[in-house]
Amino acid sequence: MTPLVDVAFLLLTFFMLTTQFRPQEEVTIVLPSSNSEFKLPESDVMTVNVAKDGRLFLGVDSQILRGRLFGKENELKASVHVEKNQLANYLIQARTMNPKLRTVIKGDKEADYGTVEDVMDILQKTQITRFSLVTDLERSTPQ
Amino acid sequence: MAGGEVTESRTHEKKGKKRKKGRRLGIRNDLTPLVDVAFLLLTFFMFTTTMSRPQTMEINLPPDPNAKVEIAESNLLTLRVNAKGDVFWNYGIESPKRIEGSALRAFLTEKRSTNPKMTALLKIDREGKYEMMVNMIDDFGFARIDRFSIAPLMDNDKALMAKVQS
């Protein structure tokens, strides 16, 4: 019995320490799949979410930065709805607060390409020329 | 506590001994509820934790939006995607030809191996889906085309595609 309890508690502490409670998502995004092997970086990530209906949500992974960027009341949200014409402002502000931020676009696979194109234009205008697209790993590889 | 017991056993030797024996035998912790709770929490954390991080595709844009790249027209493979997701390809100023999405990967690999200097230009309809772009870039990656341009799809491109389709 005792070794069992030992192992159970060992695993329990492991999972308790490694788990990160994700703040609730504002929108559900169904990711497109790809065969890319690059992993999403763990920290210093700024996410531009493009919802299915074309709305944009901006999120940063650190709670402190979220508080400074979007105000105290939005601190616990994973991402905040921003208008397209406000996005550039937020991007510049976020990058001046933390220059190490890496930008990723997380688009719903059903989202209009036009919206994503606009977002990429905005990124280029704000001198963010390196960014990543978040995808799921493709299960099967169709030839 | 131990000290107290010692004095007790000295005064009433018989009684103390008896009690001591009884206590030692009686202490047997039932660990089952503890284990239950431990496993419950364990399963909770196991299910809530997200182990796998999502994949990403990296894109580098030219820092200067007006950057001009000179490419021989014969090396420029233009891929146009219309709103329905049909893919059309052409070299230079040839008229576009339609290609099935499933054949695209083999097609790109073949084009790339026959002409290593080839550059791809990707034009996607604004009304198309984001997934189309991801699929196209994924196919580029598969064919090892690591330099490509993305350009907006203009009205004349749409007209070209409509002409081929009809």
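We'll go from a helix to the cores, then to some strands.

Some housekeeping: this is a predicted model, where local features need pLDDT of at least 70, side-chain atom pairs count only at pLDDT 80 or more, and totals for chains, interfaces and linings use all residues. Residues are numbered from 1 along each chain as its sequence is written, chains are lettered from A and ligands numbered from 1 in the order in which they are written, and side-chain values use heavy atoms, with hydrogens and water left out.

Start with helix α1 (residues 2-18) of chain A. Helices (H or I, at least four residues) and strands (E, at least two) are DSSP runs, numbered from the N terminus. The buried residues of α1(A) are A:V5, A:A8, A:L12 and A:F15; buried means under 20% relative accessible area, exposed over 50%, and partly exposed in between (1.4 Å probe, protein chains only). Looking down the axis, these buried residues fall within an arc of 100 degrees, so they line one face of the helix (the arc is that of the directions from the helix axis to the C-beta atoms). On the other side, A:P3, A:L10 and A:L17 are exposed. What do the buried residues of α1(A) pack against? That would be α3 (32-48) of chain B.

Now for the cores. A nonpolar core is a set of buried Ala, Val, Leu, Ile, Met, Phe, Trp, Tyr and Cys residues joined through side-chain atoms within 4.5 Å. The largest one has 52 residues, and among the members that touch the most others are A:L87, A:L91 and B:M133. Helix α5 (residues 130-142) of chain B gives the most to this core, with 7 residues. A second, separate core has 9 residues, including A:I29 and A:V45.

Next, find A:F57 in strand β4 (residues 56-60) of chain A. Its relative accessibility is 4%, so A:F57 counts as buried. A:E26 is 31 residues away in sequence, yet the two C-alpha atoms are 8.0 Å apart.

Finally, chain B. All 5 of the 5 residues of strand β3 (residues 87-91) are buried, so this strand is largely enclosed by the rest of the structure. B:V87, B:W89 and B:Y91 point one way, and B:F88 and B:N90 the other. Strand β2 (residues 76-81) runs antiparallel to β3(B), joined by 5 bridges (two strands pair if DSSP finds at least two bridges between them). Here B:T78 stands opposite B:N90. Strand β4 (residues 97-99) of chain B is also antiparallel to β3(B), with 3 bridges, and B:R98 is the bridge partner of B:F88.

Notes. The expected span of a helix is 1.5 Å times one less than its number of residues. Contact means heavy atoms within 4.5 Å.
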